[in-house]
Amino acid sequence: MQPITIQAKSLGSQEFKADYNVDLSYIAGAMYKGIASKELVVRMGQSGLLGFLGTGGMSFAEVESAITQIQGQLSAEQAYGMNLLCHLDHPEMEEKYVDLYLKHGIKNIEAAAFMKITPALVKFRLKGIHSIGGVIHVPHKVIAKISRPEVAKIFMSPPPDSIVSALLAAQKITEQEAELSKFVPMAHDICVESDSGGHTDQRNALALFPAIVELRDEMMKIHQFTKKIRVGAAGGIGTPQSAAAMYIM
């Protein structure tokens, strides 16, 4: 019997690769204070992969400068993204960064440390959403980094009505964007972060990941989204054998 040859490009979600225009169903997530640097983001993009700038701990000016440099070295078709940290005590900080990302045409963000959905995050998600021939197009993609089922659930749900109404009243989104918000989740991509050695909930990947996949299936039935929510994994994957286990799940 001939051995089965598995190529890296055959692993993971093919739809993910098409949506982000990347060659592998794999990302380099954001790491604090630019450890996930602009140089890394550029190298990833030039290699047909997706990387996120680690904006946490960087100044606003440093982030804007990094965006300019990244965009100067990547084409419009090459993938890249920015980290967006939750600032529950300072919501104006979130909105400041969202406005920066919208100003520079950033399409992909990695949402980290969110315990609830915030107005700035909803604003980013909904800007530019439109329908063509009954098909809803959402230009701004959110990869939600989570480690708890209750947080995953809110990202697998449509934006809260109260936040959508407030944004509409403040003229921060249009009536069309508000109306279409009912039919899309806050994130089409959920990154299940298990024990990664950082400030996580230290969950076991083999227990947490299946629970989130089961929750995804339940939320798809409840909300009847036309586009499937994807679930990926990070943390606790330190060997080829553990990576194979995650792909099987």
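# Reading a predicted fold

Analyst: Asp217 has a relative accessibility of 36%, so Asp217 counts as partly exposed.

User: Where is Asp217 placed, and how far is Asp217 from Ser147?

Analyst: Asp217 sits in helix α9. Asp217 and Ser147 are 70 residues apart in sequence, and their C-alpha atoms are 17 Å apart in space. Some ground rules come next. This is a predicted model, where local features need pLDDT of at least 70 and side-chain atom pairs count only at pLDDT 80 or more, while totals for chains, interfaces and linings use all residues. Residues are numbered from 1 along each chain as its sequence is written, and side-chain values use heavy atoms, with hydrogens and water left out.

User: How do I read accessibility? Is Glu110 buried or exposed?

Analyst: Glu110 has 2% relative accessibility, so Glu110 counts as buried. Glu110 lies in strand β4. Helices (H or I, at least four residues) and strands (E, at least two) are DSSP runs, numbered from the N terminus.

User: Which residues does Glu110 touch?

Analyst: Contact means heavy atoms within 4.5 Å. Set aside neighbours within four places in sequence, and Glu110 is in contact with Gly29, Ala30, Phe52, Met82, Asn83, Leu84, Ile143 and Lys145. For a distance along another line, take Leu53: Glu110 and Leu53 are 57 residues apart along the chain, with C-alpha atoms separated by 9.1 Å.

User: What about Lys33, buried or exposed?

Analyst: Lys33 counts as exposed, because its relative accessibility is 54%. Lys33 lies in the loop between β1 (27-28) and α2. Lys33 touches Gly54, Gly56, Gly57 and Met58, not counting residues up to four places away in sequence.

User: How do I read a pair of helices? What is the angle between α4 and α5?

Analyst: Helix α4 (residues 91-103) and helix α5 (residues 119-126) have axes that come within 8 Å and cross at roughly 15 degrees. Angles under 35 degrees count as roughly parallel, over 145 as roughly antiparallel, 65 to 115 as roughly perpendicular and the rest as oblique. So α4 and α5 are roughly parallel to each other.

User: Which residues make that contact?

Analyst: From α4 come Glu94, Glu95, Val98, Asp99, Tyr101 and Leu102, and from α5 come Ala120, Leu121, Lys123 and Phe124. By class, the α4 and α5 contact has six nonpolar, no polar and four charged residues. Ala, Val, Leu, Ile, Met, Phe, Trp, Tyr, Cys and Pro count as nonpolar, Asp, Glu, Lys and Arg as charged, and the others, Gly among them, as polar.

User: At what angle do α5 and α7 cross?

Analyst: The axes of α5 and helix α7 (residues 161-169) come within 10 Å and cross at roughly 75 degrees. That makes α5 roughly perpendicular to α7. The contact uses Pro119, Val122, Lys123 and Leu126 of α5, with Ile163, Val164 and Leu167 of α7. These divide into six nonpolar, no polar and one charged.

User: And how do α2 and α3 pack?

Analyst: Helix α2 (residues 38-46) and helix α3 (residues 60-73) pack at about 25 degrees, with axes 10 Å apart. Therefore α2 and α3 are roughly parallel to each other. Lys38, Val41, Val42 and Gln46 of α2 meet Ala66, Gln69, Ile70 and Gln73 of α3. The classes are four nonpolar, three polar and one charged.

User: How many residues are in the largest nonpolar core?

Analyst: In soluble globular proteins, nonpolar side chains tend to be buried together. A nonpolar core is a set of buried Ala, Val, Leu, Ile, Met, Phe, Trp, Tyr and Cys residues joined through side-chain atoms within 4.5 Å. Here the largest has 59 residues, and those with the most contacts inside it are Tyr101, Leu121, Ile146, Phe155, Ile190 and Ile212. Helix α9 (residues 205-223) gives this core the most, with eight residues. A second, separate core has nine residues, including Tyr20, Val22, Ala79 and Cys191.

User: What does Leu121 touch?

Analyst: Leu121 touches Leu84, Glu94, Ile109, Ala111, Phe114, Phe155 and Met186, leaving out residues up to four places away in sequence.

How values were computed
Axes are lines fitted to C-alpha atoms, for helices over the stretch in contact, and angles run from 0 to 180 degrees between N-to-C directions. Buried means under 20% relative accessible area, exposed over 50%, partly exposed in between (1.4 Å probe, protein chains only).
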